[in-house]
Amino acid sequence: MLLGEYLGNIWCVKLMGKIGNPAFIPDLIRVINETDPLDFIFSDAVHALQCIDDAGHHDILTAIKEGQITEPLTQMDLLQALPYGESFDIAYQLWNPEDGENDIDSFETYAHTLAGIVDIRGIEALQDILFEGNAIFVGNSLETLCILHEVDIPELSIIHKQREVAQKRRERQWKDMDSLGRKINAPSLLDPITDFTQPSNVGTIKRDTPKVGRNDPCPCGSGKKYKKCCL
């Protein structure tokens, strides 16, 4: 594919997302299935499907259930934009498959998906994994669901404490980096200009014998003036 065609397809996919017409769903699914997840157009197609009008949500759910979209992480990304009980059921099954072979290793992705679906059952599901994975990200999604459903749980105080500890850790890191930067940018004591213009480690030089003037008798004992002899 020529670069111009590739970029043209990217803009076309982006435009599909902006328009949001459900008629674009088959084309966007085809892009997802025929491109590499690392390609820009792949992520643009996922985002475009997330932006499809509500009228197309049933078709996207059907595509996921029927295996038209097979990548579990991609399914999770799409489910977070579908706020339905059926979406929660699919996400929960993806995370807790009957055969125990979980293909999703990101606690953050799962938590973010449940927060997007907004099903109240997500609270209990995230409570179960709060301390298994990245507690900060899971905690944020869990707190979001609790606020939306006006539910108070004991874990909220722990989540707030963890967030406070993480914030203090970041502040210490920023302070240490700032201190290190100041040291690196400070004038060096070994700067050649500094050594020549402001010597700080040279003591006073003292002579072992009195200074001899040009017209004084030469110290060698010749009887001549110093300037006429040894000078």
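Student: Quick one to start. Is Glu 150 buried or exposed?

Tutor: Glu 150 is exposed, because its relative accessible area is 74%. The cut-offs are under 20% for buried, over 50% for exposed and in between for partly exposed, with a 1.4 Å probe and protein chains only. The areas come from the Shrake-Rupley method with that 1.4 Å probe, and for residues only the protein chains shown count as cover.

Student: What kind of model is this?

Tutor: This is a predicted model, where local features need pLDDT of at least 70, side-chain atom pairs count only at pLDDT 80 or more, and totals for chains, interfaces and linings use all residues. Residues are numbered from 1 along each chain as its sequence is written, and side-chain values use heavy atoms, with hydrogens and water left out.

Student: Back to Glu 150. Where does Glu 150 lie?

Tutor: In the loop between H9 and H10. The C-alpha atoms of Glu 150 and Ile 120 are separated by 10.0 Å. Along the chain, those two are 30 residues apart.

Student: How many helices and strands does the chain have?

Tutor: Eleven helices and zero strands. Both are DSSP runs numbered from the N terminus: helices are H or I with at least four residues, strands are E with at least two.

Student: And how much of the chain is buried?

Tutor: Buried residues make up 29% of the 231 residues.

Student: New topic. How many salt bridges are there?

Tutor: A search of the whole structure finds seven. A salt bridge here is a side-chain nitrogen of Lys or Arg within 4 Å of a carboxyl oxygen of Asp or Glu. Side chains of opposite charge can pair when their charged atoms come close.

Student: Which residue does Arg 121 bridge to?

Tutor: Asp 89, and their closest N and O atoms are 3.0 Å apart. This pair links distant parts of the chain: Arg 121 is in helix H8 (residues 121-129) and Asp 89 is in helix H6, 32 residues apart.

Student: Why do Arg 121 and Asp 89 count as partly exposed?

Tutor: Arg 121 does because its relative accessible area is 36%. Asp 89 does because its value is 32%.

Student: Which residues are in a network with them?

Tutor: Salt bridges link Asp 89, Asp 119 and Arg 121 in a network.

Student: What about Glu 143, which residue is its partner?

Tutor: Arg 163, with the closest N and O atoms 2.6 Å apart. That pair also links distant parts of the chain: Glu 143 sits in helix H9 (residues 135-149), Arg 163 in helix H10 (residues 155-185), 20 residues apart. Glu 143 has a relative accessible area of 15%, so it is buried. Arg 163 has 30%, so it is partly exposed.

Student: And Lys 168, what does it bridge to?

Tutor: Glu 164, with the closest N and O atoms 3.3 Å apart. Both lie in helix H10, four residues apart, about one turn of the helix. Lys 168 is partly exposed at 43%, and Glu 164 is partly exposed at 38%.

Student: Switching to rings. How many aromatic pairs are there?

Tutor: Three. Rings of Phe, Tyr and Trp (its six-membered ring) pair if their centres lie within 6.5 Å; planes under 30 degrees apart are stacked, over 60 edge-to-face and the rest tilted. One of the pairs is Phe 88 with Tyr 92, stacked at 5.8 Å centre to centre with 25° between the planes.

Student: Where do Phe 88 and Tyr 92 lie?

Tutor: Both are in helix H6 (residues 85-95), four residues apart, about one turn of the helix. Phe 88 is buried at 6%, while Tyr 92 is partly exposed at 37%.

Student: What sort of pair do Trp 95 and Phe 107 form?

Tutor: An edge-to-face pair, 5.2 Å centre to centre, with 70° between the planes. It links distant parts of the chain: Trp 95 is in helix H6 and Phe 107 in helix H7 (residues 107-117), twelve residues apart. Trp 95 is buried at 9%, and Phe 107 is partly exposed at 21%.

Student: Which residues make a ring cluster?

Tutor: Trp 95, Phe 107 and Tyr 110, linked by ring pairs.

Student: Last thing. Where is Glu 71?

Tutor: In the loop between helix H4 (57-65) and helix H5 (72-79). Glu 71 is partly exposed because its relative accessibility is 38%.
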